Amino acid sequence: MAGAIYDSFWADMAEGNIKVSEGGFYAMLVSADYVPDVSAHARRGDVQAHEVAGAGYAPGGLPIAVEAQRAPGRLELRFAGQVWRAATIRARAQVIYRRRGDDPARDELVFFNDFGADVTSTADDFSIGPSTITISRQGATPCAIRSAIPPAKVNWSRPIASADCCSSA
């Protein structure tokens, strides 16, 4: 799986649990033993056991800025990149979530971004580029979604597959 938006994200947005204007977004890194289940995983507590550990990495990851860009028939959520300085870690994927405090059972998951292979840094910067989720209206279908999540390290970039939120895929 290259990456995916967690199903719970849509419900959390619709119910007002996730408001981009309120901030509180974080990026955490997980190891290769994490198997994402975008239908069943909804909170950071579902993922936390697979979080990486190492020098230069604090549990819970890093806070990140998110910006909403609106245009007729279109909404883009732009997530800033992250840099863990002088880190000694090995990660397979990034998980973006909305933090609610110190209880991982309350933190809402947004998306999962698989790097395609383990990425390692040894006393060096571990960098992930910015990510975008685009929600757009196409013809009579009001909910087509295009997600591009370019992740880790300078020369590594791969967008996740496009999905249509109205289909069962």
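In helix α1 (residues 7-14), the buried residues are Ser8, Phe9 and Asp12, where buried means under 20% relative accessible area, exposed over 50%, and partly exposed in between, with a 1.4 Å probe and protein chains only. Because they cover an arc of only 105° around the axis, they sit on the same side of α1; the arc is that of the directions from the helix axis to the C-beta atoms. These buried residues of α1 pack against β1, β5 and β7. Following α1 comes Gly16, with a positive phi near 80°.

Before we go on, a word about the model. It is predicted, so local features need pLDDT of at least 70 and side-chain atom pairs count only at pLDDT 80 or more, while totals for chains, interfaces and linings use all residues. Residues are numbered from 1 along each chain as its sequence is written, and side-chain values use heavy atoms, leaving out hydrogens and water.

**The overall plan**

The protein has one helix and 10 strands, arranged along the sequence as β-α-β-β-β-β-β-β-β-β-β. Helices (H or I, at least four residues) and strands (E, at least two) are DSSP runs, numbered from the N terminus. Of the 169 residues, 41% are buried. Among contacts (heavy atoms within 4.5 Å) with a separation of 6 or more, 65% are between residues 24 or more positions apart.

**Strands side by side**

Strand β7 (residues 108-128) runs antiparallel to strand β1 (residues 3-5), and three bridges join the two. Two strands pair if DSSP finds at least two bridges between them. Here Gly3 stands opposite Asn113 in β7. Strand β7 also pairs with β6 (residues 82-98), again in the antiparallel sense, over 13 bridges. In this pairing Gln82 faces Ile128 of β7.

**The nonpolar core**

In soluble globular proteins, nonpolar side chains tend to be buried together. A nonpolar core is a set of buried Ala, Val, Leu, Ile, Met, Phe, Trp, Tyr and Cys residues joined through side-chain atoms within 4.5 Å. The largest one here has 38 residues, and those touching the most other members are Leu29, Phe79, Val95, Val110 and Phe126. Two or more residues each come from β1, β2 (25-30), β5 (74-79), β6 and β7. Leaving aside residues up to four places away in sequence, Val110 has a list of neighbours that includes Ile5, Phe9, Phe25, Phe79 and Ile133.

Glu76 lies in strand β5 and counts as buried because its relative accessibility is 12%. Beyond four places away in sequence, Glu76 touches Glu67, Ala68, Gln69, Thr132, Ile133 and Thr134. Asp125 belongs to strand β7 and, at 29% relative accessibility, counts as partly exposed. The C-alpha atoms of Asp125 and Thr88 are 8.6 Å apart, although 37 residues separate them along the chain.

| Side chain | Partner | Distance |
|---|---|---|
| Glu76 | Arg74 side chain | 2.6 Å |
| Glu76 | Arg78 side chain | 2.7 Å |
| Asp125 | Arg85 side chain | 2.7 Å |

How values were computed
Polar contact = N/O pair within 3.5 Å; in protein donor to acceptor, adjacent residues only side chain to side chain.
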